[in-house]
Amino acid sequence: MEAANRGARDVGALSVGCNIELPHEQRLNPYVDIGLCFRHFFARKVMFMRYASAFVIAPGGYGTLDELFEALTLIRTGTIRDFPVILVGEGEWDGLLEWVRDRALAEGRIEVADLACLHTVGRPADVAAIVDAAGRLQRAHGLRQPRRGGGEQEASPR
């Protein structure tokens with residue numbers, strides 16, 4: 001998260017950090033402009049996914065995998081708007097993606113459309129291009145957000 005916060009600060013963008021209280025480690029990094037602390041993982045994930053225009057996943061551990069699959073689940077169930085999920089590091093995700101395609105997809109537990117939002121990239125410029133395009137699309141469609149309750153809600157103008 002520090003790299004994302006530092007990148008935001010370096011280009012003059014607002015840097016928001018969503019931290020989780022753990023028994024050890026985890027504190028806000030020095031590049032955060034607005035820091036939010038959460039006791040529960042689910043609340044933290046809802047917060048940072050709710051306002052995302054893209055989701056960038058760098059190699060990590062169980063928490064990273066949890067956040068990756070949470071994002072995919074929420075996108076595919078229509079709980080949050082559809083946005084790209086970017087896996088950073090060519091070759092880093094090959095084993096996982098092979099398993100998903102060869103087992104979950106091949107055995108009909110997921111559909112081809114479930115993989116459509118995934119992008120594997122190796123260069124920061126490729127990440128930036130996908131995020132920029134997603135942000136433009138989100139702003140273009142931002143006036144009318146469909147809600148799960150059936151109606152549409154007008155967004156406030158910015």
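What share of the contacts in the protein chain with a separation of 6 or more comes from residues 24 or more positions apart? The share is 51%, where contact means heavy atoms within 4.5 Å.

## Basis of the model

This is a predicted model: local features need pLDDT of at least 70 and side-chain atom pairs count only at pLDDT 80 or more, while totals for chains, interfaces and linings use all residues. Residues are numbered from 1 along each chain as its sequence is written, and side-chain values use heavy atoms, with hydrogens and water left out.

## Overall layout

The protein chain has 5 helices and 7 strands. Both are DSSP runs numbered from the N terminus: helices are H or I with at least four residues, strands are E with at least two. From the N terminus on, the order is α-β-β-α-β-α-β-α-β-α-β-β.

Of the 158 residues in the protein chain, 29% are buried. Buried means under 20% relative accessible area, exposed means over 50%, and partly exposed lies in between (1.4 Å probe, protein chains only).

## The E3-E4-E5 sheet

An open sheet is built from 3 strands in the order E3-E4-E5, with parallel pairing. Strands E3 (55-57) and E5 are the edges, each pairing on one side only. Neighbouring strands of this sheet are turned by 25 degrees against each other on average, direction ignored. Two strands pair if DSSP finds at least two bridges between them. E3 and E4 pair in the parallel sense over 3 bridges. Valine 56 stands opposite isoleucine 86 in E4.

Helix H3 (residues 62-76) packs on the sheet and touches E3, E4 and E5. The direction of H3 makes about 150 degrees with that of E3. Axes here are lines fitted to C-alpha atoms, for helices over the stretch in contact, and angles run from 0 to 180 degrees between N-to-C directions.

## Nonpolar cores

The largest nonpolar core has 21 residues. Such a core is a set of buried Ala, Val, Leu, Ile, Met, Phe, Trp, Tyr and Cys residues joined through side-chain atoms within 4.5 Å. Phe55, Leu68 and Val85 touch the most other members. Two or more residues each come from strand E1 (16-20), helix H2 (41-50), E3, H3 and E4. H3 gives the largest share, 5 residues.

Not counting residues up to four places away in sequence, valine 85 touches Phe55, Ile57, Leu68, Leu72, Ile75, Cys117, Leu118 and His119. Apart from this core lies another, of 6 residues, among them Val121, Val127, Ile130 and Ala134.

## The buried side of H4

In helix H4 (residues 94-105), Leu97, Val100 and Ala104 are buried. They lie on the same side of H4 because they cover an arc of only 85 degrees around the axis. The arc is taken from the directions from the helix axis to the C-beta atoms. The cover over the buried residues of H4 includes strand E4 (85-88) and strand E5 (118-121).

## Asparagine 5

Asparagine 5 sits in helix H1 (residues 2-10). Its relative accessible area is 4%, so asparagine 5 is buried. The side chain of asparagine 5 makes a polar contact with the side chain of serine 15 (2.8 Å). A polar contact is a pair of N or O atoms within 3.5 Å; within protein, one must be able to donate a hydrogen and the other to accept it, and residues adjacent in sequence count only if both atoms are side-chain atoms.

Leaving aside neighbours within four places in sequence, asparagine 5 is in contact with Ser15, Val16, Gly17, Asn29, Tyr31 and Val32. The C-alpha atoms of asparagine 5 and glycine 17 are separated by 7.3 Å.
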